[in-house]
Amino acid sequence: MFFTSPPEELDAYYPIRPECQADVPKTRFKARVGKTLSPRRWNAAFSEDGHLEIGGVLRRIQRGGIHPTIKGAVWEFLLGCFDPNSTNDERNSVRERRRQQYAEWKAVCQKMVPTIGSGKFITMPIISNDSVSLQEPDGECDGTMSISAPLDQKEIQWKVTLPQIGLDVVRTDRTLVYFETEANLARLWDVLSVYAWVDDDIGYVQGMNDICSPMVILLENEADAFWCFERAMRRLRDNFKCTASSMGVQSQLSTLGQIIQAIDPKLHQHLEDLDGGEYLFAIRMLMVLFRREFSFVDSMYLWEVMWAMEYNPNIYSSYEETNNLNDNAEAKLNSKLLKQYGKFERKNLETGWNDKRGALAVFVAASVLEKKNKQLLNNAQGLDDVVQILGEITGNLDAKKALKEALKIHKKYLKAKKSAYLSADTKVKVSI
């Protein structure tokens, strides 16, 4: 059984190129009997007509992650692609509808750029900002080509973005055997290109390739991978919103600063003195969810445990915008319903804390800073030192320990916030 396999055999599910073996972080995640969600336990969690007992699944994931052979299927539930209270027939209907929708969007994109869906991808500019094509849409250079009809700004911007997506795709998870083939790189490019066309607000931003890559690997059907990525982006998209003067991730960086200030004011003050009070050195961690800090296997383990801990049973209905009876569930919680929530989300409900900027990932980032507390206080004399010290954690972090510490910090932070609130309330009453 896979449970007794040494950790390096888990890497066999996502083979590393031989020449890259020495350069990748060591995988620390180990599947364990009675803790890791196994295929047998997963299948047993469904009723005869397909209803999923999500509470038991969440508890198992929180204890030990998910077996590689069922990750994709489980992620679809964790990210809100499907309602655990749905039947097999209902899910099949939803899946078919989404696959058709993706096919229609992809056909629109393919009409504009025939390279999409061809098994190839673009890395060279195909259009200039003044709407002049520099390259045939199929990737064959043809000098300058006239446009038969004027393009709208959306199409121009999208076509300008496509080669940037291609360049990022080439750099994505280069150590994995999976991305040695052009066809697999093209699948990732296709999904990101279609998403960039559909999402008018954000389009494509560097870093989305790192979020999308595991979904393309785990889910064989490209449309299913797209929708899994789309749901993940609903959680993360605010981080990718950028304007001329700000980055969306700054709201989470601000929350990170508040957390460190509350639980470790000495470290926060030291970072302030180094002009690091905006916590910009933590951007990468939050943008790509620690993909650089952990091995491929460990980063997926970290994601699925975080998603399980943050799980809200209303996630599907909130995304689908249906009139679901659970829409007002938070107003009438009971012990049975609470078991359908993840540990982190349940704690927030019990304490009334609902700051959406305070995702579990922010507390994981805080746990990383706390792990390097002494080094940062004693050795960091400037922001370059901070970056260097945090850079040393790459490949040297234990995801399970980081999550455990993040939950401790979360509890400590909520306690500090409650104390501050009660103190302020007391002062107001005294002044009155």
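Analyst: Let us begin with accessibility: a residue is buried under 20% relative accessible area, exposed over 50% and partly exposed in between, using a 1.4 Å probe and protein chains only. The model is a predicted one, in which local features need pLDDT of at least 70 and side-chain atom pairs count only at pLDDT 80 or more, whereas totals for chains, interfaces and linings use all residues. Residues are numbered from 1 along each chain as its sequence is written, and side-chain values use heavy atoms, with hydrogens and water left out.

User: How many residues does the protein chain have, and what percentage of them count as buried?

Analyst: The protein chain has 432 residues, and 51% of them count as buried. Its secondary structure consists of 20 helices and zero strands; helices (H or I, at least four residues) and strands (E, at least two) are DSSP runs, numbered from the N terminus. Among contacts (heavy atoms within 4.5 Å) with a separation of 6 or more, 73% are between residues 24 or more positions apart.

User: How many salt bridges does a search of the whole structure find?

Analyst: The criterion is a side-chain nitrogen of Lys or Arg within 4 Å of a carboxyl oxygen of Asp or Glu. The search finds 24 salt bridges. One of them joins Asp224 to Arg99, with 2.7 Å between the closest N and O atoms. This pair links distant parts of the chain, since Asp224 belongs to helix H9 (residues 222-240) and Arg99 to helix H5 (residues 88-112), 125 residues apart. Asp224 counts as buried at 9% relative accessibility, while Arg99 is partly exposed at 28%.

User: Which residue forms a salt bridge with Asp190?

Analyst: The partner of Asp190 is Lys106, and their closest N and O atoms are 3.6 Å apart. Asp190 lies in helix H7 (residues 182-198) and Lys106 in helix H5, so this bridge ties together parts 84 residues apart in sequence. Both Asp190 and Lys106 are buried.

User: Which residue forms a salt bridge with Asp210?

Analyst: Asp210 pairs with Arg292, the closest N and O atoms being 3.0 Å apart. Here helix H8 (residues 208-218), which holds Asp210, is linked to the loop between helix H12 (283-287) and helix H13 (296-309), which holds Arg292; the two residues are 82 residues apart. Asp210 is buried, with a relative accessible area of 5%, and Arg292 is partly exposed, with 36%. Elsewhere, salt bridges that share partners join Arg97, Arg98, Glu230, Arg231, Arg234 and Glu320 into one network.

User: Arg292 has been placed in a loop. Which residues lie nearest the centre of the second largest pocket?

Analyst: Rolling a probe the size of a water molecule over the atoms shows where empty space is left. On a 1 Å grid over the protein atoms alone, a cavity is a set of points where a 1.4 Å probe fits but cannot get out; a pocket is an open set with protein on both sides within 12 Å along at least five of seven lines, and lining residues have an atom within 4 Å of a point. The second largest pocket is lined by 29 residues, and Pro25, Asp173, Thr175, Arg291 and Arg292 lie nearest its centre. Helix H6 (153-171), H8 and H13 are the elements that give two or more residues to this lining. About 680 Å³ of space lies in the second largest pocket, a volume being the space filled by probe spheres set on grid points joined across faces, edges and corners.

User: Which residues line the largest cavity?

Analyst: The structure holds one cavity of 30 Å³ or more. The largest cavity has about 50 Å³ of space, and Glu76, Cys81, Phe82, Arg95, Arg98, Asp224 and Trp227 line it. H5 and H9 are the elements that give two or more residues to that lining.

User: Where in the chain is Ala406, and which residues does Ala406 touch?

Analyst: Ala406 is in helix H20 (residues 399-431) and counts as buried at 0% relative accessibility. Leaving out residues up to four places away in sequence, Ala406 touches Leu360, Phe363, Val364 and Ser367. The C-alpha atoms of Ala406 and Val364 are 4.8 Å apart, although the two residues are 42 residues apart in sequence.

User: What is the phi of Tyr279?

Analyst: Phi of Tyr279 is near 60 degrees, a positive value in a residue other than glycine. Tyr279 lies in the loop between helix H11 (265-273) and H12 and is buried at 1% relative accessibility. Leu289 also has a positive phi, near 50 degrees; Leu289 is in the loop between H12 and H13 and is buried, with a relative accessible area of 4%.
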